[in-house]
Every structure is written in C-alpha cells, then in structure tokens.
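Subject: Structure handover

Hello,

Here is the structure for you to look through. My notes on the contact and the salt bridges follow it.

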Amino acid sequence: MSVIARGPLPGGRVPRVRQRAGRWSPTRAALGVNAWFVYAFFYAPIALLVVFSFSADRNVGRWGGFTLGWYEDFIRNESVQDAIWVSVRVALLSTVISVVLGTLAALAIERFRFRGRQTFDALLYLPIIIPDVTMAVMMLLFFSEFFDLLNLLFDADLRKGFASITVSHIAFNISFVSVVVRARLAGMDRRLEEAAMDLYASRWKAFRHVTLPQIAPGVAGGALLALTLSLDDVVVTQFAAGPGATTLPVYVFGLIRRGVTPLINSVSVVMLVASIGLVILSLFVQRSRSGSAAGPQGVPAANRARRST
Amino acid sequence: MTDPVPAVTITGITKRFGDVTAVDDIDLEIGDGEFFALLGPSGCGKTTTLRMIAGLDFPTMGSLQIFGDEVGTLPPNKRPVNTVFQAYALFPHMNVADNVAFGLKMQKVERAERDRRVAEAVGLVQLGGMESRRPNQLSGGQQQRVALARALVNRPKVLLLDEPLGALDLKLRQEMQLELKALQREVGITFVFVTHDQEEALTMSDRIAVMHEGRLLQVGTPEEIYQRPANRFVADFIGRTNLLEATVASSEEVVLSNGMRVAAASEHPTGTKVAVSLRPEQAFLYRRGAAPAGWPTIDGVLREVTYVGNALVHTVAVDWITIEVRTPYRSTETTPEVGDEVSVSWEPGGVTVVGD
C-alpha cells in the first residue's frame with residue numbers, strides 16, 4: 001500500500017514529499033543566493049564585454065552610443081585576421097599531431113612493459129606540472145639554439161614563426177591528451193583485446209576494431225582539450241613566436257600594451273562566439289554518439305583534467 | 001585415449017612471472033572430444049595453463065602441442081582454439097550478431113557464408129531474435145551464450161572456457177552445466193574448462209586435472225579422483241572428507257593415532273605418516289556397541305546434528321578429532337540425539353590412504 005500512496009493521488013493532488021521539498025528554509029535561501037552570485041560573477045563580465053563592443057566611445061569602459069564600427073574595424077584589420085588564421089592553423093595542426101602522439105604514448109604506458117617506462121611516465125607529466133613561463137623560456141632557448149645550429153650547418157634561414165609555435169603547442173598538448181586517453185584506457189577491460197586476438201585479430205586489427213572504439217570518447221575529449229589549450233595559449237606562444245607569425249591571443253595581448261580600443265572587445269566577442277559554437281558542436285557530436293557507446297568520460301573528463309592543472 | 005593424436009599435449013610446461021612460478025613443470029594430455037576440467041583453488045595455475053593453450057601467455061619452457069602441432073610461441077590469432085572468457089569480455093560497442101561475427105570477419109570469411117554461420121551459432125545457443133541487442137541489454141545467462149556462440153562460430157578444434165559459469169547464480173549455473181555438456185556432445189569438439197568449483201568439475205567433465213600451487217596433483221575421471229584421491233590435498237579439496245592421521249604398518253594395514261589398526265591398502269613404505277580419508281557418506285552412525293561385528297569402529301559422542309534437506313550431517317567428537325557422518329534423512333527413523341554415546345563405523349576397505 002505504501003508504494004501506491006507515494007504516487008500522485010487520484011484527485012490530482014501533489015504528493016506530500018514534493019510539498020516538503022519546496023518549503024522555505026534559511027539554508028535553501030542562502031544556497032539559492034549563492035548560486036545567483038556565482039552566475040553573476042561568471043557572466044556579468046561577459047555581458048559587459050559584449051555590450052561595450054558596440055560602444056562608440058574610444059575608451060573601452062565608457063558608453064558612447066551604439067555602433068558596429070569596431071566590428072568593421074575588425075573585418076578590415078588584416079593583422080587581426082592573419083592572427084586568427086595562424087591561431088586556427090596552429091590549433092588544428094597541433095591538435096591532430098598531439099592526439100596521435102599522446103594516444104600512442106598512453107597506449108605504450110598502459111599496455112606495455114618496457115625499460116624506462118616509469119621514467120617516461122613521469123617525464124610525460126612534466127609539461128602539465130611546470131609553469132607556463134618556464135616552458136616558454138625553454139622553448140625560446142631551444143628554438144634559438146636549434147635554429148642557429150641548423151642555419152649554420154645547412155646555410156638555411158630558419159626563423160621562429162608558425163612552425164615553432166606549432167611544435168611548442170604539440171609539446172604541451174601531448175601530455176594533456178595522454179592523461180585523458182589513459183584515464184579511458186585504464187577503465188577498459190584488457191580482456192576485450194585478448195578476446196579480439198583470440199578471435200583471429202592481429203594486434204593492429206584488435207586495436208582498430210576494439211581498443212579504438214572503446215577509447216574514442218577519451219581521444220575526442222583529449223582532442224577538444226588540446227584544441228582549446230592551443231587556441232588559449234599566450235605565454236608559451238609569445239616566446240615561441242617570431243616576427244613572422246603570431247596567434248590571436250598574443251596579438252590581443254599586444255593590443256592592450258599599445259593602448260586599448262574597443263576593437264579588443266569586438267575581437268573578444270568574435271572569439272567568444274566561436275568557442276561557444278565549438279562547445280555546442282562538440283556537445284551535439286557527443287549527443288549523437290551517446291546513443292551507442294560514448295561513455296561519460298569524454299568532455300567532462302577533459303574538463304576535469306584541465307581544471308586540475 | 002583411443003585417439004592416437006591428443007587434442008592438447010602439454011610436456012614439461014613451466015611458466016614464471018618474475019620470481020613467481022605460476023605453473024611448475026606439468027605434463028598433460030587432453031584427448032580429442034573430451035570435456036576436460038582444470039580444477040584447483042585460486043592461484044593454483046589453472047587459468048595460466050588455459051591462457052598458455054590459448055596463446056595469451058607463453059610458457060617459460062616446455063612444449064605445447066595442439067593436435068600434434070607445436071604452438072607454444074604462436075600468437076592467439078594463429079591457433080585453432082577459441083576462448084570463452086571469464087565475465088565473457090563481449091565487445092560492448094557491438095551488437096550480438098557483430099560480436100559473434102567478429103572472428104569470421106577477422107578471418108575474412110565471405111559475407112554470405114559468415115551470415116549463415118552466425119545465424120547457425122546464434123540458433124545453437126538459442127538466442128535467435130536477439131541479434132541486434134547490445135551486451136548491456138542482455139542478462140548474465142544470455143551474455144554467456146553470446147560468448148559461447150562467438151567462440152563456437154569459428155569451429156575451433158579446442159574450446160577453452162575460463163570459469164564460464166562463475167558469474168551466474170546457482171540455479172542458472174546448474175542449468176548451464178547441463179546445457180554446456182549437451183552442447184559439447186552436439187558440436188563434438190574438445191572442451192577444456194577452468195573452475196574452482198569441485199562440484200561443477202565432477203558434474204560436467206569426462207576427466208579432471210587437479211592443480212595446486214602450480215603443480216598437477218592428479219588427473220583422472222571424476223570417480224577416480226573422488227574415490228582414489230592421490231594425496232591429502234585432493235582428498236580434502238574434492239568433496240568433503242574426514243582425514244584421520246595414521247602411520248603405515250604394512251602394505252595392508254595402517255595404525256591410527258589412537259593405536260587402532262585399520263585395514264587399508266597403501267603403497268607407502270612402512271612407517272610413513274599418512275592420512276586415512278573417510279568420506280562422510282561412507283561412514284555409518286550407530287548407537288554405542290551396535291556396530292556390525294568385524295567393521296572398524298571408533299567410539300565418540302554426538303556433538304551436533306545438521307539437517308541439510310536430503311540428509312543429516314552428524315558431527316561426532318572422538319578422542320582426538322571430530323568426524324562428520326552423513327546419513328540419508330528419513331522422517332520415520334529415530335536417530336541418536338546430541339549428547340548420545342555413539343560409534344562411527346565403516347565397511348572394511350571403505351577408506352582410502354592418502355599421503356602428503
């Protein structure tokens with residue numbers, strides 16, 4: 001009987017349990033206020049940014065009437081567009097390469113026993129642990145010395161630019177990708193691979209038909225993380241970039257030093273819209289796959305890994 | 001074995017993991033068409049032995065042949081055997097039909113042939129109509145059947161089963177025991193299965209190999225293993241038994257630790273410390289003094305009576321040990337009560353001498 005009584009009553013009355021849940025209490029009120037406060041803290045700056053990107057005043061923080069002028073500036077400004085183009089290319093290229101290398105590294109550490117495995121394991125995490133600035137200075141030194149050497153040896157004319165930015169992004173992205181992929185691999189039953197090999201699959205086929213589909217959400221998560229980190233990075237890029245090419249975040253950073261105009265706001269809004277679009281796209285992709293096998297470890301795991309750094 | 005070429009021939013196989021010897025120099029022949037059990041407690045090396053036959057582990061030394069071909073170092077995909085894994089290891093991202101078809105796809109079996117054989121295998125394990133389900137939409141028993149179909153569809157020469165029924169509840173397990181046996185008769189290939197459940201091994205297998213700490217203790221039919229255990233461990237592990245400490249007096253007689261002389265044949269030299277194995281169902285309980293004349297008898301006091309449905313288990317305390325006696329239960333019979341003075345007796349020759 002008690003089971004029946006718990007459902008909605010025939011008269012359409014709301015069950016008692018729910019009434020109780022809606023009752024006012026100081027704790028609930030405080031938590032509610034806190035939630036609104038947190039949201040305001042997150043989103044008020046974004047709202048301000050968007051609003052002031054339409055302000056006609058040359059000062060960033062002063063309202064001077066509505067204009068689309070800064071967006072026109074943005075569209076006409078070739079150096080901004082170059083920077084965006086560099087950013088996108090660097091992000092895509094470094095993501096693809098670091099996803100492949102990071103996944104391979106994760107597989108090597110999770111699946112094989114070899115000499116120096118633990119050292120390799122520890123070294124792989126280093127880029128996550130060491131400060132960005134340190135990494136940046138290392139990159140600067142490395143590329144200066146390395147390019148000097150190459151130029152000397154082969155009489156070439158290598159300079160820092162697109163290639164050096166991409167390589168440095170790959171260098172830190174590998175670590176993040178392999179962390180995410182490893183989490184997924186560790187949760188996977190090893191016997192699945194054994195079963196595949198028992199069923200006449202070669203190592204490669206076992207990987208392609210069993211392991212890869214199982215870790216795909218992890219790989220996708222790692223790729224998204226790598227893409228975001230690459231698009232976001234300022235410090236390392238700043239040091240690894242040369243006069244030839246620079247990414248959007250570094251360019252915006254440079255704008256600030258030269259004197260701020262609401263052009264920054266419009267650039268930022270465009271970046272914001274682009275990244276929101278990316279997030280929606282990735283959610284959409286995850287949703288359409290989750291009907292099949294995608295586990296809960298894709299994007300959330302990536303976010304967790306990222307936040308912990 | 002009647003067949004000249006055994007399905008599996010294991011000669012001097014040893015497997016070490018670092019300092020640990022998992023399998024220690026075992027020799028074993030498994031005949032064609034046999035239902036063969038590798039039985040032992042966990043960590044005895046039975047699963048490692050199975051994995052070596054499958055090719056998932058490689059022996060440290062020794063020779064391993066399948067139908068006469070040396071396969072010791074061949075990878076699993078090059079061996080004519082398939083495995084039903086513990087907890088099944090079904091591919092979660094594939095439906096039943098794709099799981100079953102996997103082995104055929106890997107062997108590049110033609111599409112039409114593949115579809116036909118998958119349908120046949122799915123029918124064999126009575127899963128028709130479930131082809132498009134995913135493993136997580138199946139019950140434990142159904143997953144078990146998929147695992148069987150996935151292996152059998154490849155027509156292996158030997159089917160290996162790693163604790164195939166371990167994940168099922170008791171009722172389903174007993175059903176599946178009979179079904180597996182029927183299935184094996186139907187497909188007519190050699191089944192080698194690993195279990196720690198002696199009852200399962202006794203029920204299902206043609207022959208059993210008992211393993212302990214990496215060594216092979218005894219190989220034989222269920223009856224041989226049960227009636228003539230090779231040593232103390234086997235006697236104790238297979239079924240329940242009372243082990244009475246004894247010393248060999250001659251090839252026909254042993255002396256129990258209370259000085260009683262018991263007729264029991266043994267091949268151990270005189271003076272060897274042995275144990276006499278008295279099965280609870282081979283022992284009879286009498287009121288003190290009522291035991292048949294000429295039967296070996298030990299006096300004691302009834303300490304406990306446990307009703308187990310079809311039988312009564314009596315625990316009798318004698319001077320130096322307690323003895324378990326199992327008596328078929330009949331509601332019309334009056335039996336001794338706790339505290340009564342009783343005698344435990346057995347037919348001459350109803351005990352087995354086991355060494356260490």
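A salt bridge here is a side-chain nitrogen of Lys or Arg within 4 Å of a carboxyl oxygen of Asp or Glu. The model is predicted, so local features need pLDDT of at least 70 and side-chain atom pairs count only at pLDDT 80 or more, while totals for chains, interfaces and linings use all residues. Residues are numbered from 1 along each chain as its sequence is written, chains are lettered from A and ligands numbered from 1 in the order in which they are written, and side-chain values use heavy atoms, with hydrogens and water left out.

The contact between the chains

Between chain A and chain B there is one salt bridge. Its partners are E194(A) and R51(B), with 2.6 Å from N to O. The contact (heavy atoms within 4.5 Å) involves 18 residues of chain A and 27 residues of chain B. About 2000 Å² is buried between the two chains, and carbon and sulfur atoms give 61% of that. Buried area is the accessible area (1.4 Å probe) that two parts lose on being put together, summed over both. Three residues, D198(A), L199(A) and Y200(A), supply 38% of what chain A buries against chain B, more than any other three.

Nine residue pairs, both residues at pLDDT 80 or more, are in polar contact between chain A and chain B. A polar contact is a pair of N or O atoms within 3.5 Å; within protein, one must be able to donate a hydrogen and the other to accept it, and residues adjacent in sequence count only if both atoms are side-chain atoms. On the side of chain A that touches chain B, the elements giving two or more residues are α9 (190-198) and α10 (203-232). Helices (H or I, at least four residues) and strands (E, at least two) are DSSP runs, numbered from the N terminus. Helix α9(A) gives the most to this side, with seven residues. By class, this side of chain A has ten nonpolar, four polar and four charged residues. Nonpolar covers Ala, Val, Leu, Ile, Met, Phe, Trp, Tyr, Cys and Pro; charged covers Asp, Glu, Lys and Arg; the others, Gly among them, are polar.

Salt bridges

Over all chains the count is 25 salt bridges. The pair that crosses between chains runs from E194(A) in helix α9 of chain A to R51(B) in helix α1 (residues 46-54) of chain B. E194(A) counts as buried at 13% relative accessibility. Buried means under 20% relative accessible area, exposed over 50%, and partly exposed in between (1.4 Å probe, protein chains only).

Within chain B, D98(B) pairs with K105(B), the closest N and O atoms being 3.8 Å apart. D98(B) is partly exposed at 31%, and K105(B) is partly exposed at 34%. Another salt bridge joins D340(B) and R287(B), with the closest N and O atoms 3.8 Å apart. D340(B) lies in the loop between β18 (322-328) and β19 (341-346) and R287(B) in strand β15 (residues 283-287), so the pair ties together parts of chain B that are 53 residues apart in sequence. A network of salt bridges links E113(B), R116(B), R117(B), E120(B) and R155(B).

Backbone points

Y200(A) is not a glycine but has a positive phi of about 75 degrees. Y200(A) sits in the loop between α9 and α10 of chain A and is buried at 13% relative accessible area. E213(B), also a residue other than glycine, has a positive phi near 50 degrees. E213(B) is in the loop between β9 (207-212) and β10 (215-220) of chain B and counts as exposed at 51%.

Regards
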